Amino acid sequence: SNPFEVKVNKQKFNILGRKTKNDVGLPGVSRSKAIKKRTQTLLKEYKEKEKSNVFKDKRFGEYNTKISPEEKMIKRFTLERQQNFGKNNIYNLNEDEELTHYGQSLAEIEKLNDIVDSGSDTEEGGTLSAELTAAHFGGGGGLLRKKVSGDQEAEEEEKPKSRKELIEELIAKSKQEKQERQTQRESALELTEKLDNDWKEIQTLLVRKTPKSEKKDKEEKPKPDEYDMIVRELGFEMKAKPSDRMKTEEELAKEEQARLQKLEADRLRRMRGIDEKEEAKKKPKHISADDLADGFILDEDDRRMLSYKDGKINIENEEEEEEEADGNEEINDNEEEGEEEDNDHEEDSDEESDAENEEGVDEDNHSDLESDLGSEEEGTGNKEQNQESCENKSQNMEEQDQKMEAAKSELPYTFAVPESYEKFKSLLTGRTIEQQLIILERIQKCNHPSLAVGNKAKLEKLFGFLLEYIGELATLDLPELKTIDRLVLPLYNLCQMFPESASDSMKFVLRDAVHDMEEMIEVKGRATFPGLDTLIYLKITSLLFPTSDFWHPVVTPTFVYMSLLLTKCRITTLQDVVKGLFICCLFLEYVSLSRRFVPELINFLLGILHISLPKKQAQGYTVVHPFTPVGKNLELLLVSDKKDLETWQKQNLPLSIVTRLKEMSRTEMNHIRLSCLALCFDLIKKCAALYESLSSFHEIMHPVRILLTQHVPVSEYPEQMQEWYNSALGELENKVKHYTPLVCEKKKPEPLKQYTPKIVKVLEFGRKLGGSKKEQERKRLIHKHKRELKGAIREIRKDNQFLARLQLEEIMERDAARKRKVKELLGSLATQEGEWKAMKRKKRKN
């Protein structure tokens, strides 16, 4: 080492008792130590980073060079004994220790006395004994044996047999045992047959009937306990079985379509008068070539009764029957339940005729007189039967006609989706509400989107047709609101199936309504409330789409349109008041879940109270557009007739009343005015309950409270109206303030400047200012934490640099090896090229 590179840390003062560290340091020593430590730890982890299997040699002292091999063996032996020695062997005093030598027991080695000593100098050193070879190799007695003397000839006679002889003896012994077993089995079979024969001879002598008393005694069994009964009942109980899996929507749609198609086929068959049984009989059945018709049964007796008329065979009846059979091939006489009595009668007559035929067959040997009498009776019987059969056939024809007419009047079970609105309207016009619902349901089921490719687009058009049909029902002179109410359900089902197309259709209707209102404002300067169809569309929107969303592509524009209606449309007639109150009810329905504040709603209710007051009292408060403080429509809801006030009773205002206001009398109009005012009180009460949680509730409802308490003439109203008024006012005044008023934040007062100096005790010069012991300990720990953190960061950086160097070396080695291989390849190619060129030159010279 260079002495000029040695670093010496000098001290200005020698302090007694202080130990100095690193007084002298050599450059690179600590660095080499750090690198050596990283190669032993970090490099090893880096090489084993992506390896799951690691072999760890846990043998004691395997890599410890300071311990001799004898000490290692002794230590390993003691550890093995400690592991095998357990609590079970504490009191086992008779067990001796088993000593081993290279894994073999010394006790077994001691038993082998004939171990050949290869190092002995005896004459027989190169041979093996027969006992040793037999013990170790299983034979070899004849190959390697000593020369025997004359005294040992007797011992040779008792020598062990060879392997072949032993196998032959074993085979002979097994054959002998098998033969003995066979003889024993045959003798046992002979004995059993003999015993069976003897038993059959004796059994006839032993047979006797046991008396009933003995049978009862034998059959009497102990009664089972309650526990046994319960166990048996549990065994017979029904066990849970796996239920069938739930069918998918496509499978259900296919089943429903197949069911409707089958019903439609049955209806068409009944409408045409075709009998299902006869049609099934007419269908040819498949008969194989090997069928011998063994099971042939004659279902109907086609034989005709032989009859005479005026001494000749009656052929007319046969012709009539053939014509009727040809004309009514598709009619079955025994089909309906109402014909059971006629069928029974026919069966009785058939039985009588069969009986007569049988008597005629049995009495062939009678006299001619009796045969003539029998023929006359048969003729009269045949006439009666023909008359009855004609009557039955006429009845059956009438019933069949009735069935055909009923089938024609039935609704078809399968419908195609109409392509235009005119076809859709022709399907529903002239039908009852139930029939219209059935038609719409069958259209959806027969044309489900999963059944065909183009069904989705057709059903999307159906939603628009149904929406237009509902609007047309609302614009009639007498609007069919009940029908509209029932048609909302199929409209909702279609909306759930196709939400995007449904929202587009509703937005299209809403866009037309807004466009009409803007045109009216441009032309006339003011807007009027829309028709009944638009109001119904607004109601349907709240049923089809969620109204509690923060933003919705259909509900949000509808919300804005309703706000425009309450602010832009002027109130000139009682009809406008009813429509405006209906929109207020819709607003409350829309915001019932979201509790969104609607200022247009509060302003409109305030205006309704304003137009119900006399002109003298309509002062002292402000009114917002579309209501005016002065004008001809100021007293629109004012009722001054005392008789009408006394006879008024609270009634609901149906939406259809909008079209019937012109036909009503003055008293009815006054009653409707009072009902509108009562509805206004009810809406104020609901608004108070809805917006009670708002922080500005009292400020919002303050104008309404002033109008109710100071301006509304309560004493002039009937008692029922006063109850509605008191409930609304009580709901407003009973609400407690659940909020703290907004107040500006008060700043903390700034203290006056003081000129008294702050005295701090300085312990030692140059050190940090002291405090309590806890503060000093805390500062010390913070300082130590910072120092350790810096050291850890430094070590991490050095580790990363070390790994980066290793990776760079690996990359350089791979690149060098690759370059070397490339050079070798290029060199080999160059040599081959040179050789090839040389060969080519030689060929040219030759």
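Author: Let's start with Glu186, which sits in helix α7, spanning residues 163-206. Bear in mind that the model is predicted, so local features need pLDDT of at least 70 and side-chain atom pairs count only at pLDDT 80 or more, while totals for chains, interfaces and linings use all residues. Residues are numbered from 1 along each chain as its sequence is written, and side-chain values use heavy atoms, leaving out hydrogens and water. Helices here are DSSP runs (H or I, at least four residues), numbered from the N terminus.

Glu186 is partly exposed, because its relative accessibility is 41%; the class runs between buried (under 20% relative accessible area) and exposed (over 50%), with a 1.4 Å probe and protein chains only. Together with Glu190, Glu193, Asp196, Asp198 and Glu201, Glu186 makes a negative surface patch. A patch takes residues with over 30% relative accessible area and no salt bridge, joining like charges within 9 Å and nonpolar side chains (Val, Leu, Ile, Met, Phe, Trp, Tyr) within 5 Å. A salt bridge, in turn, is a side-chain nitrogen of Lys or Arg within 4 Å of a carboxyl oxygen of Asp or Glu.

Val822 is partly exposed, at 35% relative accessible area.

On to the backbone. Arg595 has a positive phi of about 55° despite not being a glycine. You'll find Arg595 in the loop between α22 (574-590) and α23, partly exposed at 42% relative accessible area. The next loop to look at, between α23 (599-611) and α24 (642-647), contains Pro626, and the peptide bond from His625 to Pro626 is cis, with omega near 20°.

And the cysteines? With a disulfide taken as a pair of cysteine sulfur atoms within 2.5 Å, the count is zero. Take Cys680: the closest cysteine sulfur, in Cys584, is 8.0 Å from its own, so that's too far for a bond. Cys680 is buried, with a relative accessible area of 0%, and Cys446 is buried at 9%.

Key
Accessible areas come from the Shrake-Rupley method with a 1.4 Å probe; for residues, only the protein chains shown count as cover. Lys and Arg count as positive and Asp and Glu as negative; His and the chain ends are not counted. The place of a charge is taken as NZ of Lys, CZ of Arg, CG of Asp or CD of Glu. Helices (H or I, at least four residues) and strands (E, at least two) are DSSP runs, numbered from the N terminus.
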